[in-house]
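I opened my notebook to record, step by step, what I looked up in this structure. The entries below follow the order in which I checked things.

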Amino acid sequence: MRDTHFAPCTSEPKSVSDDLRCLYKDQILSDIRLETVSKTFHAHKNVLCAKSPVFAAMLTTNMRENLTGCIQVEDLEDSTIDQFLLFLYTDILEDLQWESAMKLYYAADKYQVQRLKDMCTSFLITGINRRNMGDLLILADKHQDSDLMTAVLKFICWRDKAIFCTDEWESFMETNSVLAMKTMQFYLKNSI
């Protein structure tokens, strides 16, 4: 059994967001576990249900996760789960980087946390460049995100030769021929 000793945050919380951060970090009255391959995260059903319809469906029915008090999360890294949970509790993204935004986008889509998905999308679009545009095309295609796809396609179309005449694009065409073909089709339809 887990130690339920109360250990308050060292600094005095100043906002609801700070209070909820402490609730998560100190594991006060947590009633659900999220388990990865290497770590267990303690959380609160009411917070997860309030922020995600997927968690709400899991935790308000007779699904295994509700009955066992444990959600297996084998497709997300520990750092992504921690950032994801902190966002659910505080509605704040801290220290967002390109790779973490890609992973959080996946988590947000999986658990239908639209605000997080929108924030990650905005971050990724503002950071798009020649080297990462292929990753974003794949992400948008995989998650059937038409808004993200359109943003990436427009980025490519505005830079046509600067993109299409690069080694990165040639490599992308070799590994993602169908998506490259769709991109070229979009380009041809919109360049007239």
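**Strands, then a helix**

I began with the pairing of β1, keeping in mind that the model is predicted, and I found that 4 bridges join this strand to β2, residues 40–43, with the two running antiparallel.

I then looked at how the chain passes from β1 to β2, and I noted a hairpin that joins them through 4 residues.

Next I looked up the other pairing of β1, and I saw that 3 bridges join β1 to β3, residues 70–72, this time in a parallel arrangement.

I picked out L34 to follow across the strands: its bridge partner in β2 is F41, while in β3 its bridge partner is I71.

I also checked the two faces of β1, residues 32–35, and wrote down that I32 and L34 make up the covered face, whereas R33 and E35 make up the uncovered one.

I asked myself which residues of α5 are buried. I listed T80, I81, Q83, F84, L85, L86, F87, L88, Y89 and T90. Because 10 of the 13 residues of α5 are buried, I concluded that the helix is largely enclosed by the rest of the structure.

Last, I checked the backbone just after α5, where I found that D91 takes a positive phi of about 65°.

Terms used: Residues numbered from 1 in each chain as written. Predicted model: local features only at pLDDT ≥ 70, side-chain atom pairs only at ≥ 80, totals over all residues. Heavy atoms only, no water. Buried < 20%, exposed > 50% of the residue type's maximum accessible area, 1.4 Å probe, protein only. Pairing = 2+ DSSP bridges.
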